[in-house]
Amino acid sequence: MPPLPPDATAAGILDDLLTLARKAGADAADALLVDSAAMSMSQRLGKPEEVQRAESGDLGLRVFVGKRQAIVSSTDRSPALLRELAERAVAMARLVPEDDFCGLADPDSLARDWPDLDLCDPSEPVAEDLLAQIAELEETALAVPGVSNSEGADAGWSRSTVTLAASNGFSGGYSVSRRSLSVSVLAGSGTGMERDYDYHSAIYAGDLESPVTIGRRAGERVVARLNPRKVATQAVPVVFDPRVAGGLVSHLTGAISGAAIARGTSFLKDKMGQAVFAPGITIVDDPHIRRGLRSKPFDAEGQANGRRNLIDGGVLTTWLLDCRSARQLGLASTGHASRGTGGPPGPSATNVYLAPGEETPEQLLADIRQGFYVTSLMGSGVNGITGDYSRGASGFWIEDGKIAFPVAEVTIAGNLKDMYLTLRPANDLEFRHGVDSPTLRVEGMTVAGT
């Protein structure tokens, strides 16, 4: 379909800014305008704690003078300020070192048309409705038998309009919205107290789970964690609940970022075209999922983007590349540029998911004599250079294929290169987070306990 036109006012501001940059001496330039509005509410134990609304407009300009670039940003878009912004950016660019890899996208790679991804709910909530939602959310969670206290419930709404223009001929824009609900509750008392939470986010209010569903699930989760035990240190299969399994996928996207590959700081830097996952594993990046939490019709350099398999049948097929990292590696951009108004583009994934397998979660556990089912992870002990993985964890012990009892205060450890090769997915994939995965089983991890 033909592209949706950018907001006329925003496009006019950016066109004026690009013209001023060229007059000031820039050889090329691009500009980004982000207009946002957001509202959030919170309460604890039935008492409202916070009601906030914010609106902002951020403008960013990137200019190139030869092989030098500079970036400036502002919240002021008056004509006098635009002229000053352009002149300051060009003056800065003339002072910085040359960068052989900087520059705008080739005009041949620009997005010329893109799909309507239905990313913006036109309705805006009123404060009273959000307060009613979080009241019902917290009340439902507290009503679950065994729940003893609340850390609070939150509701949020946001909407942003993004407009991008560049001297290479690109001009485009789109709007995105987000609704969210979350609650955190406690069970038990004293030193035997446990905490858990639940939340949901969606583009449209009509796609958001009900406060009753979210609240009940949070309450049931925390009660199930009461009276955890410790286990002896041992090597066992570890099963990752979908709520945390997406983290293993995120470690992959970090490892195949073009910036990390160009620096040589990734444990997968020499693995292109090789099997890095078990046979049959497919991991997809798709920026064009309708109402997807990380969807976007084009990338932050105005380049065309689209669905691609990052892992196909276990084999690594691509890096995530923006223009700069692609030039460093002698490759073409994959349309993964992302940026804000105050910095240069960098490669980033969009909606990423690990395709489901054929086994149910119950079948995935069935032959585990002793194992660990992880529902919560703590810390950030992942080495992107070596792949070494060590995280604090809690969850449930598995005995003879069944969940047996809650476990807390343990560490799980392994190496992502080994973990990926033994990984098995269940069939319970749901799209909830932007990086999604079904239940995953990994063989032979070390669970460090007593």
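**Notes on a helix crossing and some salt bridges**

1. In this predicted model, helix H1 passes helix H2 in a right-handed crossing. H1 covers residues 8-24 and H2 covers residues 79-93, and their axes come within 8 Å while crossing at roughly 45°.

2. From H1 come Ile13, Leu17, Leu20, Ala21 and Ala24, and from H2 come Leu82, Arg83, Leu85, Ala86, Glu87 and Val90. By class, the contact of H1 with H2 divides into 9 nonpolar residues, no polar ones and 2 charged ones.

3. Now to the charged pairs. Side chains of opposite charge can pair when their charged atoms come close.

4. Arginine 339 and aspartate 30 form a salt bridge, with 3.2 Å between the closest N and O atoms. Aspartate 30 belongs to strand E1 (residues 28-44), whereas arginine 339 sits in the loop between strands E11 (337-338) and E12 (346-347), so this pair ties together parts that are 309 residues apart in sequence. Both partners, arginine 339 and aspartate 30, are buried.

5. Arginine 432 and glutamate 209 also join their side chains in a salt bridge, at 2.9 Å from N to O. Here, too, distant parts of the chain are linked, 223 residues apart: arginine 432 is in the loop between strands E17 (424-425) and E18 (435-436), and glutamate 209 is in the loop between strand E6 (194-202) and helix H4 (211-224). With a relative accessible area of 15%, arginine 432 is buried because the cut-off for buried is under 20%. Glutamate 209, at 22%, is partly exposed.

6. Arg432 and Glu209 are linked with Asp198, Arg217 and Arg221 in a network of salt bridges.

7. Finally, arginine 441 forms a salt bridge with aspartate 367, and their closest N and O atoms are 2.6 Å apart. Arginine 441 lies in strand E19 (residues 440-448) and aspartate 367 in the loop between helix H8 (361-365) and strand E14 (370-382), a pairing of distant parts of the chain 74 residues apart.

Key: Residues numbered from 1 in each chain as written. Predicted model: local features only at pLDDT ≥ 70, side-chain atom pairs only at ≥ 80, totals over all residues. Heavy atoms only, no water. Salt bridge = Lys/Arg side-chain N within 4 Å of Asp/Glu carboxyl O. Helix = DSSP H or I, 4+ residues; strand = E, 2+ residues; numbered from the N terminus. Buried < 20%, exposed > 50% of the residue type's maximum accessible area, 1.4 Å probe, protein only. Axes fitted to C-alpha atoms, helices over the stretch in contact; angles between N-to-C directions. Left-handed = near helix turned anticlockwise from the far one by under 90°. Contact = heavy atoms within 4.5 Å. Nonpolar A, V, L, I, M, F, W, Y, C, P; charged D, E, K, R; others polar.
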